[in-house]
Amino acid sequence: MKKLTITTILKRKNESPIVMITAYDALFARLFQESADILLVGDSLNMSFGGNPDTLSASMDQMIYHTNAVCKGAPNTFVLCDMPFGTYCDEKTALLNALRVYQETPADAIKIEGGAEKAYLIKHLVSNGIAVCGHIGLLPQSVRAEGGYKVKGKSEEEALSLIADAQAIENAGAFIIVIEGVKAEVASRVAQSVSIPLIGIGAGNGVDGQVLVFSDMLGLYEPFVPKFVKQYMDGATAVKNAVAEYANEVKTKVFPDENFIY
Ligand code: KIV
């Protein structure tokens, strides 16, 4: 598949849905590159790979390590690096950390969470040569401040606020926006209100593409399965069965037989 650019991503609006999936390492990135348009090195890795209860303790060093691994596994795929919590709280901090992504990895763009209140940061980053993806709606980095993961767009006021968020982010210069955990009909209105692609996660089908966390959609992450996640395989059972079979064969000395020795 030909690597997308910002120009070709923008052209996909109202043309063909964009396929985004998270990736955290070279192993899986290599497997995903044939089908995915964009690989997102999401700070969700702090939960599924890091074993933490939320994304808040992810660090810049961690994101840079994983982004480099993903870029090595899928060198011809557009890669987005998520900016972790606390790394873009003012213009100077945001720029220093975003510059680290560009200087220490081959990532194509960065993603930051937040609505209209973050537009000034996006403008600052874009004016300094950084390509930015916005992220509106349910914001995982606000889980402690909001006391849980809250679906958005449940009232007309929230719908108008989401439209204002998306427009502010577009006007600030972002080239794409992720919208998470939003009522489907509202997400569809938000998509129609901007001219950049809106990528949904738990936001229905009226948007310009979808993103899923890979460990969720492969059925590998057992602690919690959000309602919007379709599991395309039962990865946890497949892995557990394979390891149980291996353990049994080691204990019974069936493995290694003559096919697996020098
Ligand atoms: O961190 C992540 O994986 C994300 C997705 C939920 C969009 O931001």
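Me: What share of the 262 residues of the protein chain counts as buried?

Reply: In this predicted model, 50% of the 262 residues of the protein chain count as buried. A residue is called buried when its relative accessible area is under 20%.

Me: How many helices and strands does the protein chain have?

Reply: The protein chain has 11 helices and 8 strands. Its radius of gyration is 20 Å, close to the 18 Å that the globule rule gives for 262 residues, so the chain is as compact as a globular protein of that length.

Me: In what arrangement do the strands run?

Reply: The 8 strands form a closed barrel with parallel pairing, in the order β1-β2-β3-β4-β5-β6-β7-β8. From one strand to the next, the twist averages 25°. On this sheet packs helix α9 (residues 184-193), which touches β5, β6 and β7; the direction of α9 makes about 165° with that of β7.

Me: Which strand pairs with β4, and over how many bridges?

Reply: Strand β4 (residues 109-111) pairs with β5 (residues 132-137) in the parallel sense, over 2 bridges. Opposite V132 in β5 stands I110.

Me: Which residues of helix α5 are buried, and what covers them?

Reply: An α-helix has 3.6 residues a turn, so residues three or four places apart point the same way. In α5, the buried residues are A94, L95, N97, A98 and V101. Their cover includes α4, β3, β4 and α6.

Key:
Residues numbered from 1 in each chain as written. Predicted model: local features only at pLDDT ≥ 70, side-chain atom pairs only at ≥ 80, totals over all residues. Heavy atoms only, no water. Pairing = 2+ DSSP bridges. Helix = DSSP H or I, 4+ residues; strand = E, 2+ residues; numbered from the N terminus. Axes fitted to C-alpha atoms, helices over the stretch in contact; angles between N-to-C directions. Contact = heavy atoms within 4.5 Å. Buried < 20%, exposed > 50% of the residue type's maximum accessible area, 1.4 Å probe, protein only. Rg over C-alpha atoms; globule rule 2.2 N^0.38 Å.
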